[in-house]
Amino acid sequence: MSSETMIMVRFGELSTKGRNKKDFIHQLSKNIKRALKMYQNLTYEELFDHIYVSLNGEDPHAVLTRMQEISGIHSLSLVKRVPLNKEEIIHECLNQTKCAVGKTFKIIVKRANKAFPTSSDTLTREIASLILKQTDLKVDVHTPDIPIHVEIRFEAAYVFSITIKGAGGYPLGSGGKVLLMLSGGIDSPVAFHMLNKRGLTVEAIHFASPPYTNSGVIEKIADILTKMNDYQPLIRLHVIRFTELQETIYRVSDESYAITLMRRMMYRLAEEVAKKYHCLAIANGESVGQVASQTLNSIQVINAVTNYPVLRPLISFDKEEIILIAKKIGTYDISIRPYEDCCTIFTPKNPKTKPSLEKVVYYENKFDYSKLIQEALDREEIIYFKIKDNEI
């Protein structure tokens, strides 16, 4: 076996999955192959402890950059796979130190394959001795410029000097499907991303209020979901017309209760869509205390209309933390476009932060919201966002 350039994929949290680990690894392997579909020369090897991607001449930087976006990957290393031969291992370590930039080095040997005849300590000393003789490098065991790792496994040895952090979490598709309430603001796309990181497939629901909201909002949503295709290759968007419900709420209730009532109607609508499309939970981008409808009192009153699980991945995040993630995933500049969603346009001047459930029920009894909800569901529009050539 000659040496081969490949990427070593480590799993992180998947290591705790016990009997289910094999299924998670298989799902991650499928996701990697799908994400790297454009690189036609790659080949793959799926083992219990790692996944290996052989480059076969493909650009390693481009492949690594794409792989950093795949949830379920703890870390990545560009490695040389060499035969289980001491001389070849030592020679590869020398080559990597000569190609690297720095003045100091350290050798780290891990020998999972105890049948390999040379001990870790002996191999470390022999590699270091040759590097000291043939280069000007010095040993630094604490903060080396060039850490050379050698992993002796059963099928081969792997030599590498750089480890890159991955997205972490679980493989997309391993945790079920959720319905995310997507407004077009900064928070909900970040919630989308955080849900993906936990292995959850996301469908999105957006509440539109024409003519109060214009086509710019839908264009904004479309651009956000196209960006999210980098992480989830197929996304289904449910657009629900909310105008009649909003107008009725403002007609029958005190303005200070309007947001609470609107949010309760949104949860009722979301639950029906979630049931129809087999989503196991509803999700949103709420963060405690950020706006009037996100105080604990408001959340309790609003949440009372559904028995569905409601996931809030940003619940303890502050706005600066959310903005940093939005910029990292590329949605921030889209989200701040000046097109307002239905909640923003209809925001009352003095919304209740501690709404009374009795008062809310009183206002809801003043109109037939069930009929309006059904009419809104009947007018549902579905839009698909997908990476080119990916099948629905």
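Leaving aside its neighbours within four places in sequence, with which residues is arginine 268 in contact?

Mentor: In this predicted model, arginine 268 is in contact with Val305, Glu364, Tyr369 and Ile373, once its neighbours within four places in sequence are set aside. Arginine 268 belongs to helix α8, which spans residues 258-276. Its relative accessibility is 14%, and arginine 268 therefore counts as buried, the cut-off being under 20%. With one of these partners there is also a polar contact: the side chains of arginine 268 and tyrosine 369 are joined at 3.5 Å.

Arginine 268 and threonine 306 are separated by 38 residues in sequence, while their C-alpha atoms are 6.8 Å apart in space. Threonine 306 sits in the loop between α9 (296-303) and β14 (310-311). With a relative accessibility of 7%, threonine 306 counts as buried. A polar atom of the threonine 306 side chain lies 2.9 Å from the backbone nitrogen of tyrosine 308. Not counting residues up to four places away in sequence, threonine 306 touches Tyr267, Glu271 and Ile282.

From here one may turn to another helix, α5. Ten of the eleven residues of α5 are buried, so this helix is largely enclosed by the rest of the structure. The buried residues of α5 are Asp187, Ser188, Pro189, Val190, Ala191, Phe192, His193, Met194, Leu195 and Asn196. Glycine 199 follows α5 and has a positive phi, near 85°.

Glu69, Ser71, Ala167, His193, Asn196, Lys197 and Tyr231 form its lining. Two of the lining residues of this cavity are nonpolar, three are polar and two are charged.

The largest cavity has a volume of about 130 Å³. It is lined by 13 residues, with Asn31, Ala35, Ile70, Tyr231 and Pro233 nearest its centre. Helix α1 gives the most to the lining of the largest cavity, namely three residues. The lining of this cavity divides into six nonpolar, three polar and four charged residues.

Helix α1 is, in turn, a packing partner of α2. In helix α2 (residues 60-67), the buried residues are Val63, Leu64, Arg66 and Met67. These residues cover an arc of only 160° around the axis, which means that they lie on the same side of α2. The buried residues of α2 pack against α1 (21-35) and against the strands β1 (4-10), β3 (51-54), β4 (75-82) and β9 (163-165). At the start of α2, a side-chain oxygen of aspartate 59 comes to within 3.1 Å of the backbone nitrogen of histidine 61.

Conventions
Residues numbered from 1 in each chain as written. Predicted model: local features only at pLDDT ≥ 70, side-chain atom pairs only at ≥ 80, totals over all residues. Heavy atoms only, no water. Buried < 20%, exposed > 50% of the residue type's maximum accessible area, 1.4 Å probe, protein only. Helix = DSSP H or I, 4+ residues; strand = E, 2+ residues; numbered from the N terminus. Arc of directions from axis to C-beta. Contact = heavy atoms within 4.5 Å. Polar contact = N/O pair within 3.5 Å; in protein donor to acceptor, adjacent residues only side chain to side chain. 1 Å grid on protein atoms, 1.4 Å probe; cavity = no way out; pocket = protein on both sides within 12 Å on 5 of 7 lines; lining within 4 Å. Points joined across faces, edges and corners; volume = space filled by probe spheres on them. Nonpolar A, V, L, I, M, F, W, Y, C, P; charged D, E, K, R; others polar.
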